[in-house]
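Subject: Structure handover

Hello,

Please find the structure below. My notes on what was found in it follow.

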Amino acid sequence: MASVMGLLEARGTAAQVRVEELREEAERVLAELAKAEAVLERRAIARLELAEDLSGPESEADHPPESAPAVPEAPVAGSVVPHWRVGLTMEVLAPDYRRLVGVLEAEAGGSGLRARELAGRLGRSRCRRRSRGCGRR
């Protein structure tokens, strides 16, 4: 027959193992909960933005005009394309970007262009390799 102290130690060890298992499961559940809450938040934001967009144009009386961020006088190559807002023209784009937009706008079919076709119309050499790598050489 086992001693009472031996039985108590065995039960204590089993309880400790169970506590560790439950802690690991709790951590897993909390991580899943955080992910689910993030998804829920994104969905709520999307729903609000959609409702806002569907509500129609807002009158300027409801919202005062926001101050527009300063647009550089002469965009340089490699500059960041600004977010679109009312009143922006192609002049805020760097010259290379303006060429791209000009070629795309000139496309009469409106079906768009593949990268290889766009490269050809911009005067870049066409190559048989993937178009992504052609401009780097």
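This is a predicted model: local features need pLDDT of at least 70, side-chain atom pairs count only at pLDDT 80 or more, and totals for chains, interfaces and linings use all residues. Residues are numbered from 1 along each chain as its sequence is written, and side-chain values use heavy atoms, with hydrogens and water left out.

Confidence

pLDDT is the predictor's confidence in each residue, from 0 to 100. The protein chain averages 77. A score of at least 70 is reached by 70% of the residues. Confidence is highest in α1, at a mean of 92. Helix α4 (residues 131–134) has the lowest confidence, at a mean of 52. Where pLDDT is low, the predicted coordinates should not be read in detail.

Overall layout

The protein chain has 4 helices and 0 strands. Read along the sequence, the pattern is α-α-α-α. Helices (H or I, at least four residues) and strands (E, at least two) are DSSP runs, numbered from the N terminus.

How much of the chain is buried? Buried residues make up 7% of the 137 residues. Buried means under 20% relative accessible area, exposed means over 50%, and partly exposed lies in between (1.4 Å probe, protein chains only).

The protein chain exposes about 12500 Å². Carbon and sulfur atoms supply 56% of that area. Accessible areas come from the Shrake-Rupley method with a 1.4 Å probe; for residues, only the protein chains shown count as cover.

Now the contacts, meaning heavy atoms within 4.5 Å. Take the contacts in the protein chain with a separation of 6 or more: residues 24 or more positions apart account for 0% of them.

Helix α1

Helix α1 covers residues 4–54. Met 5 lies in this helix. Met 5 counts as exposed because its relative accessibility is 55%. Together with Val 4 and Leu 8, Met 5 makes a nonpolar surface patch of about 330 Å². Patches are made of residues with over 30% relative accessible area and no salt bridge; like charges are joined within 9 Å, nonpolar side chains (Val, Leu, Ile, Met, Phe, Trp, Tyr) within 5 Å.

Salt bridges

The rule is a side-chain nitrogen of Lys or Arg within 4 Å of a carboxyl oxygen of Asp or Glu. By this rule the count comes to 4 salt bridges. Here are some of them.

- Arg 23 with Glu 20: the closest N and O atoms are 3.1 Å apart. Both residues lie in helix α1, 3 residues apart, about one turn of the helix. Glu 20 is partly exposed, at 37% relative accessible area.
- Arg 28 with Glu 32: the closest N and O atoms are 2.7 Å apart. These two are about one helical turn apart because 4 residues separate them in helix α1. Arg 28 is partly exposed, at 44%, and Glu 32 is partly exposed, at 45%.
- Glu 91 with Arg 98: the N to O distance is 3.8 Å. Glu 91 counts as exposed, at 52%, whereas Arg 98 is partly exposed, at 26%.

The loop between α1 and α2

Helix α2 spans 95–106.

Met 90 is found in the loop between α1 and α2. Met 90 has a relative accessible area of 28%, so it counts as partly exposed. Which residues does Met 90 touch, not counting residues up to four places away in sequence? They are Arg 98, Val 101 and Glu 105. Met 90 and Gly 102 are 12 residues apart along the chain, and their C-alpha atoms are separated by 9.4 Å.

Val 81 also has its place in the loop between α1 and α2. Val 81 is partly exposed, with a relative accessible area of 45%. Leaving out residues up to four places away in sequence, Val 81 touches Leu 93 and Tyr 97. Val 81 and Ala 94 are 13 residues apart in sequence and 8.1 Å apart in space, C-alpha to C-alpha.

Best wishes
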